[in-house]
Amino acid sequence: MAQYTVFYQDDTKEILQSYNGVCEDTEFIKYFTDLGCKSILVDSDDTPNDHFYINDAENDVVKRHVMNISIDKTLVDVDEVVTVTGVPEGARVAIGTNDIVQTMNSDSSLTITPKQSGVFLLSVTHPSERKYFIWNNYIEVRSSTIWI
């Protein structure tokens, strides 16, 4: 186990930088303080990075969780149904770069019926977003039109 000085954003608790050991480098400290960061000293087996977040008590780092989401297919034709399961209630679901954004209800299953061809990014952000990784997947939709 090693000690790290962890610099993090005060409002989001997102880790910006970890310094191996006790940080006494005043320029380094000033740089992150000027960005609005706080710092804590933690003992950790792993180097704290963006796979971790600062706990609510602001005295330790915690590994992010992975959402247990599955998608039944990622290559479909227009009007073919895609089913996504395991989506947490309250999660933010986005298709494209915020083209369509909704909040997941309590049934944890989502069906999507694409109406146009293309490649679309599907993103799910947990309601406790700093504690979970964002889940991303692409859906490729083929045109079902046959040219003769």
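Colleague: Which residues does R64 touch, once those up to four places away in sequence are not counted?

Modeller: In this predicted model, R64 touches E14, D50, H51, F52, Y53, E129, R130, K131, Y132 and F133, where touching requires heavy atoms within 4.5 Å. R64 itself lies in the loop between β5 (61–63) and β6 (70–71).

Colleague: Why is R64 called buried?

Modeller: Its relative accessible area is 12%, and because the term applies under 20%, R64 counts as buried.

Colleague: What makes the approach of R64 and E14 a polar contact?

Modeller: The side chains of R64 and E14 are joined at 2.4 Å, and since a pair of N or O atoms, one able to donate a hydrogen and the other to accept it, has to lie within 3.5 Å, that value meets the distance limit.

Colleague: Which members of the largest nonpolar core touch the most others?

Modeller: Of its 19 residues, these are V84, V87, I112, L122, V124, W135 and I139. At least two residues of this core come from each of β8 (82–85), β9 (92–95), β11 (109–112), β12 (118–125) and β13 (135–142), with β13 giving the most, three residues. Apart from this core lies another, of nine residues, including Y4, Y8, I40 and V42.

Colleague: What is V124 in contact with, leaving aside its neighbours within four places in sequence?

Modeller: V124 is in contact with M67, I69, V87, P88, A91, R92, V93, I134 and W135.

Colleague: How does the radius of gyration of the protein chain stand against that of a compact globule of 148 residues?

Modeller: The globule would have a value near 15 Å, whereas the protein chain has 21 Å. Along the principal axes, the C-alpha atoms fill a box of roughly 70 × 35 × 25 Å, and 33% of the 148 residues count as buried.

Note on methods. Residues numbered from 1 in each chain as written. Predicted model: local features only at pLDDT ≥ 70, side-chain atom pairs only at ≥ 80, totals over all residues. Heavy atoms only, no water. Helix = DSSP H or I, 4+ residues; strand = E, 2+ residues; numbered from the N terminus. Buried < 20%, exposed > 50% of the residue type's maximum accessible area, 1.4 Å probe, protein only. Core = buried A, V, L, I, M, F, W, Y, C linked by side-chain atoms within 4.5 Å. Rg over C-alpha atoms; globule rule 2.2 N^0.38 Å.
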